[in-house]
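Here's a quick walk through a two-chain model. Have the coordinates open as you read.

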Amino acid sequence: MRPTEPRWMRAVLICCAAAFLTLVLLVPLAAVFVEALRKGAAVYWRNVSDAATIDALLLTLFTAAIAMPLNALFGVAAAWAVARFDFRGKNLLVTLIDLPFAVSPVISGLVFVLLLGSHTLVGGWLAEHGVRVIFAVPGVVLATLFVTFPYVARELIPLMQEQGSEDEQAAVTLGANGWHTFRRVTLPRIRWALLYGLILANARAIGEFGAVSVVSGHIRGSTNTLPLHVEILYNEYNSTGAFAVASLLTLFALATIAVKNILEWKMRRSRAAAEGRG
Amino acid sequence: MLRKGHSVLPGFGLTLGYSTLYLSLIVLLPLAALAASVSHMTWEQFWSAVADERAIASYRLTVFTAAAAAATNAVFGFTVAWCLARYRFPGRRWMDAVIDLPFALPTAVSGIVLTAVYSPGGWLGAWAAKAGLKIAYTPAGIVLAMVFIGLPFVVRMVAPAIEDLDPEIEEAAASLGAGRLRTFTHVLLPALVPSLTTGFALAFARGLGEYGSVIFIAGNMPMHTEITSLLIVTKLDQYDYAAATSIALVMLAASFLLLLSINLLQSRYSRRYGGSW
């Protein structure tokens with residue numbers, strides 16, 4: 001029997017933890033909805049269905065819809081290369097994949113302004129040909145790709161390294177082609193982890209503020225994502241409107257946490273099944 | 001030849017080529033643009049931007065508030081992790097799930113809601129005001145926002161380490177006559193120091209770079225409540241690219257150094273930190 005603290009001590013520690021989480025997390029969580037509904041359901045609905053909110057929602061979904069397939073493709077490709085082959089510079093590649101996590105949000109936006117802003121060589125050339133990247137939608141997409149870059153690869157690389165490649169080698173030896181092997185052998189074993197990485201990346205894509213704020217130029221209705229729209233409404237002293245939009249993002253965050261927990265359970269189960277089989 | 005050894009599996013050139021290309025275009029090229037713009041500057045230009053009085057005040061504030069927040073999280077995050085890992089109590093699963101909220105909630109949302117709750121007219125801010133404490137629009141508000149976003153790093157780092165502690169060590173300590181407190185301070189805590197330090201460092205790093213949740217609650221007074229990230233944005237808004245880039249480079253160097261030391265720490269006590277948020 002493992003020794004433990006006396007009963008009163010346990011109670012004190014649990015109460016401390018609960019009080020801290022209530023002050024820092026739960027009260028703010030509740031406040032989002034209270035503030036959003038402060039002026040009643042009708043005003044809430046008007047705020048949520050406002051044309052500018054819908055525009056922001058569409059841009060946010062558009063950005064995520066571009067970023068997710070690209071993240072999935074990169075994550076799977078990088079994991080396949082790193083976990084299935086030995087090559088020179090592998091450690092460097094793995095380190096570089098994590099790089100965007102080390103860059104703060106504002107700087108993640110700044111680097112694209114420095115690369116493609118209209119004062120630069122490339123940006124100037126693009127502007128002459130009528131393509132605006134910075135302070136326009138492409139900039140928002142690029143910044144989102146940057147900040148979501150590591151998520152999928154980070155989930156897949158350790159998992160595929162741990163799983164090893166015996167099953168895939170068997171499939172190839174038995175005459176399956178590469179794509180077939182990937183779809184039939186690899187994908188079923190990594191699908192939950194792939195989805196997990198995508199869920200985390202998606203939450204970041206939808207919620208990113210700093211990087212997108214720097215590249216967007218805050219043009220209402222054209223380069224405004226939901227988080228930026230929250231800021232605009234808030235700075236216009238439309239607090240109820242800001243919290244109405246914020247409540248949408250909060251519901252989305254809660255859904256993300258729920259899906260994340262389900263996927264963690266699925267991954268534990270499929271790992272246990274693999275161990276049982278091995 | 002890049003490839004070492006032989007594998008029957010196909011797709012090496014394709015996957016490595018695509019990964020490297022995508023990495024170069026999305027990550028390396030933009031970061032190189034930062035380095036290139038700094039290299040165009042003279043040393044005086046760079047120095048006058050990074051050693052400016054207002055910039056130095058912002059570094060001091062950012063480092064101080066991020067450290068205070070990480071320390072707060074080290075204490076309370078440890079308590080939460082301990083309860084989650086050791087005790088079974090009603091609501092434990094909810095407590096576990098809610099820890100991820102700061103990861104999932106967009107920073108702009110946490111920024112405006114913390115401001116609403118902790119400003120002098122807010123639910124908890126009014127109480128604090130009665131006690132003579134002002135939280136929003138002061139450095140304390142910045143610390144609060146950084147506590148919010150840094151908390152999961154400590155909990156998710158420390159809880160697995162607590163679960164991994166070998167029960168026999170505690171039993172041995174107890175059977176040799178050590179009291180519970182003595183067992184904790186002399187046996188358990190030392191074993192948890194690496195993960196606690198890593199959690200602290202991750203929360204600190206996150207706090208240094210944080211922007212969205214801080215700018216609403218900070219008040220943003222130059223010299224007093226202006227964090228470095230905001231100063232970079234201010235310089236950009238004034239089209240002072242040289243100053244923005246110089247200050248960004250200082251910040252980037254600081255966070256690279258910090259994360260490098262975290263990686264060294266982690267490879268020594270190798271354990272992948274759970275989740276990657």
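## Chain A at a glance

Buried residues account for 47% of the 278 residues in chain A. A residue is called buried here if 20 or more other C-beta atoms lie within 10 Å of its own, exposed if 12 or fewer, and partly exposed in between, with C-beta atoms placed from the backbone. Keep in mind that this is a predicted model: local features need pLDDT of at least 70, side-chain atom pairs count only at pLDDT 80 or more, and totals for chains, interfaces and linings use all residues. Residues are numbered from 1 along each chain as its sequence is written, while chains are lettered from A and ligands numbered from 1 in the order in which they are written.

Chain A has 14 helices and 1 strand; these are DSSP runs, H or I of at least four residues for helices and E of at least two for strands, numbered from the N terminus. Along the principal axes, its C-alpha atoms fill a box of roughly 70 × 65 × 30 Å. Of the contacts in chain A between residues at least 6 apart in sequence, 76% join residues at least 24 apart. A contact means that the C-beta atoms of two residues, placed from the backbone, lie within 7 Å.

## Helix α1 of chain A

There's a kink of about 50 degrees in α1(A), centred on Thr22(A). The bend at a residue is the angle between axes fitted to the seven residues ending there and the seven starting there.

The buried residues of this helix include Leu21(A), Val24(A), Leu25(A), Pro28(A) and Glu35(A).

## A buried glutamate

Glu35(A) sits in helix α1 (residues 7-36) of chain A and counts as buried because it has 21 C-beta neighbours inside 10 Å. Which residues does Glu35(A) contact, leaving aside its neighbours within four places in sequence? They are Ser239(A), Thr240(A), Phe243(A) and, from the other chain, Ala116(B).

## Where the chains meet

The contact between the chains takes 79 residues from chain A and 78 residues from chain B. On the chain B side, helix α1 (residues 12-39) of chain B gives the largest share, 15 residues. That side divides into 55 nonpolar, 15 polar and 8 charged residues. Here Ala, Val, Leu, Ile, Met, Phe, Trp, Tyr, Cys and Pro count as nonpolar, Asp, Glu, Lys and Arg as charged, and the others, Gly among them, as polar.

Strands join in too: β1 (residues 86-87) of chain A pairs with β1 (residues 3-4) of chain B in the antiparallel sense over 2 bridges. Pairing requires at least two DSSP bridges between the strands. Asp86(A) has Lys4(B) as its bridge partner in β1(B).
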